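Notebook open, structure loaded. I'll jot down what I look up as I go.

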Amino acid sequence: MNHILRLQEDNRIMAEALETVDETVLDLFRYLTSTKFHEDTTVQVADVLQRLQPLRSLPRP
């Protein structure tokens, strides 16, 4: 695979990873600002870690 094709593939992979990050962070934000926490702002660590789990398998630059 030539250099330009490799860079294009790397760019595609990183763009997909960024989209996953955006979606995951938005999901976590929605969860933390939901009505569930209007009165009691206590959050279970396991719930947050579960929502962040998709980020662990993302490719690293």
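Started with Ile4: at 56% relative accessibility I log Ile4 as exposed, on the scale where buried is under 20% relative accessible area, exposed over 50% and partly exposed in between (1.4 Å probe, protein chains only). Ile4 belongs to helix H1, residues 3-32. I also checked Ile4 against Leu55: 51 residues separate them in sequence, and their C-alpha atoms are 27 Å apart in space.

A note on provenance before going on: this is a predicted model, where local features need pLDDT of at least 70 and side-chain atom pairs count only at pLDDT 80 or more, while totals for chains, interfaces and linings use all residues. Residues are numbered from 1 along each chain as its sequence is written, and side-chain values use heavy atoms, with hydrogens and water left out.

Next, Gln53. I find Gln53 in helix H2, residues 45-56. Buried or exposed, or in between, for Gln53? Gln53 is partly exposed, because its relative accessible area is 46%. Gln53 and Thr24 sit 29 residues apart in sequence, yet I get 8.8 Å between their C-alpha atoms.

Secondary structure: I count two helices and zero strands in the protein. Those are DSSP runs numbered from the N terminus, helices being H or I with at least four residues and strands E with at least two.

Then I went looking for rings. How many aromatic pairs does a search of the whole structure find? It finds one. The pair is Tyr31 with Phe37, edge-to-face, 5.1 Å centre to centre with 85° between the planes. (Rings of Phe, Tyr and Trp, the last by its six-membered ring, pair if their centres lie within 6.5 Å; planes under 30 degrees apart are stacked, over 60 edge-to-face, the rest tilted.) Tyr31 and Phe37 are both buried. Tyr31 has another contact in my notes: the charged end of Arg51 sits over its ring, 3.6 Å from the centre. The test there is NZ of Lys or CZ of Arg within 6 Å of the ring centre and within 35 degrees of the ring normal.

Overall shape last. I get a radius of gyration of 16 Å for the protein, whereas a compact globule of 61 residues would be near 10 Å. That is over C-alpha atoms, with the globule rule being 2.2 Å times the number of residues to the power 0.38. The C-alpha box along the principal axes is roughly 55 × 15 × 10 Å. Of the 61 residues, 11% count as buried.
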